[in-house]
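My entries follow in the order I made them.

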Amino acid sequence: MQKRPTERQASIVEMVRADGFRTIEDLAERFQVTAQTIRRDVNALCDEGLLRRRHGGVEPALEHENIAYRARKVLHVNEKRKIAALVARMIPDGASLFFSIGTTPELVASALLQHRNLRIFTNNLNVAYVAATNDSFDVTLIGGRLRNRDRDVLGPEVEAFFNSYKVDYGIFGVGGIDPDGSLLDFDEQEVRARSAILGNSRQSFLVADHTKFGRNAVVRGGNIAQVTAFFTDCPPPDAIARLIEKSSATLHVPEPGAEFPTLYVPDED
């Protein structure tokens with residue numbers, strides 16, 4: 001079984017995505033390791049679909065589908081933890097919540113572990129596992145066919161599941177956010193499940209780090225102006241900021257220099 005990327009490998013992915021291309025020699029110098037070590041890292045990352053080899057170096061992979069969950073868990077994890085801490089401050093004890101698929105919703109569940117008596121409904125196996133570590137939580141997990149790669153359940157049963165309840169807060173992520181505010185994902189079933197969460201939550205909280213701005217996911221469903229609140233790790237692009245200002249949605253971004261607690265994340269290795 002393949003392991004999720006190491007911290008160095010995650011840093012390599014972020015650097016390559018930021019610059020568009022990096023040579024093996026440049027990466028070896030940057031991390032003070034041998035070119036052979038970097039080649040092993042790059043080979044593993046290419047096998048995961050995170051990067052693509054190019055003559056003399058490596059470039060971002062073309063995204064026809066989302067990155068595997070185990071790889072996404074270590075990408076931009078500090079930014080996601082800041083987002084999760086912001087959300088946790090907004091949730092009172094005793095609340096009922098929907099959780100969607102995704103790594104950021106999982107970290108929100110981790111940030112809520114100091115709360116009491118939450119009632120949680122989810123199709124995200126990772127969220128259910130985290131939430132179950134708090135004995136005061138009531139966790140309901142939808143049954144069905146598990147997507148092994150993503151550790152979640154999708155399909156018509158999931159839509160019916162979320163449509164069966166009305167909860168205080170819906171916590172969900174997205175594959176991408178278009179400059180016109182469209183919320184994007186990689187699969188039609190992901191969009192339908194997210195729409196059911198949004199439609200049956202008294203308050204809807206979108207959680208997404210800065211890499212989702214302009215990301216080329218292809219399935220559209222909903223708009224950022226429809227959510228109650230948007231939580232992200234840095235100020236959004238001007239076009240997105242203007243859409244939020246004109247809507248009833250509120251924007252939540254960490255204060256510069258703010259410190260956030262370390263979150264519990266189960267070890268899957």
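**Cysteines.** I started with C46, which counts as buried at 13% relative accessibility. C234 counts as partly exposed at 25%. My cut-offs are these: buried is under 20% relative accessible area, exposed is over 50%, and partly exposed is in between, with a 1.4 Å probe and protein chains only. I then searched the whole structure for disulfides and found 0. A disulfide here is a pair of cysteine sulfur atoms within 2.5 Å.

**Ground rules.** This is a predicted model, so I note that local features need pLDDT of at least 70 and side-chain atom pairs count only at pLDDT 80 or more, while totals for chains, interfaces and linings use all residues. Residues are numbered from 1 along each chain as its sequence is written, and side-chain values use heavy atoms, with hydrogens and water left out.

**Whole chain.** I count 10 helices and 15 strands. Both are DSSP runs numbered from the N terminus: helices are H or I of at least four residues, strands are E of at least two. The chain has 269 residues, and 53% of them count as buried. I also looked at contacts, meaning heavy atoms within 4.5 Å. Among contacts with a separation of 6 or more, 63% join residues 24 or more positions apart.

**Helix pairs.** Two packed helices are described by the angle between their axes and the distance between the axes. My axes are lines fitted to C-alpha atoms, for helices over the stretch in contact, and angles run from 0 to 180 degrees between N-to-C directions. Angles under 35 degrees count as roughly parallel, over 145 as roughly antiparallel, 65 to 115 as roughly perpendicular, and the rest as oblique.

**Helix 2 and helix 3.** Helix 2 spans residues 24-31 and helix 3 spans residues 35-47. Their axes come within 9 Å and cross at roughly 110°. The two are therefore roughly perpendicular. I24, E25, L27, A28 and F31 of helix 2 meet A35, I38, R39 and V42 of helix 3. By class, I get 7 nonpolar, no polar and 2 charged residues in this contact. Ala, Val, Leu, Ile, Met, Phe, Trp, Tyr, Cys and Pro count as nonpolar; Asp, Glu, Lys and Arg as charged; the others, Gly among them, as polar.

**Helix 5 and helix 6.** Residues 77-88 form helix 5 and residues 103-111 form helix 6. Here the axes come within 8 Å and cross at roughly 50°. That pair is therefore oblique. Helix 5 contributes V77, K80, R81, I83, A84, A85, V87 and A88; helix 6 contributes T103, T104, L107, V108 and A111. I sort the residues of this contact into 9 nonpolar, 2 polar and 2 charged. How much of helix 6 is buried? The count is 9 of its 9 residues. The charged E106 is one of the buried residues of helix 6.

**Helix 8 and helix 9.** Helix 8 (residues 156-163) and helix 9 (residues 188-199) have axes that come within 8 Å and cross at roughly 5°. That makes them roughly parallel. V158, E159, F162 and N163 of helix 8 make the contact with R192, A193, A196 and I197 of helix 9. The classes are 5 nonpolar, 1 polar and 2 charged.

**S100.** I found S100 in the loop between strand 4 (96-99) and helix 6. It counts as buried at 6% relative accessibility. Leaving out residues up to four places away in sequence, S100 touches P105, T122, N123, N124, V127, I171, F172, G173 and I197.

**N123.** N123 sits in the loop between strand 5 (119-122) and helix 7. At 2% relative accessibility, N123 is buried. With residues up to four places away in sequence not counted, N123 touches F99, S100, I101, L141, I142, D152, V153, L154, V158 and F162. N123 and D152 are 29 residues apart in sequence and 5.7 Å apart in space, C-alpha to C-alpha.

**L125.** Buried or partly exposed? L125 is partly exposed, at 35% relative accessible area. L125 belongs to helix 7 (residues 125-131). Beyond its neighbours within four places in sequence, L125 is in contact with L141, L146, R151 and D152. L125 and V153 lie 28 residues apart in sequence, with C-alpha atoms 7.9 Å apart.
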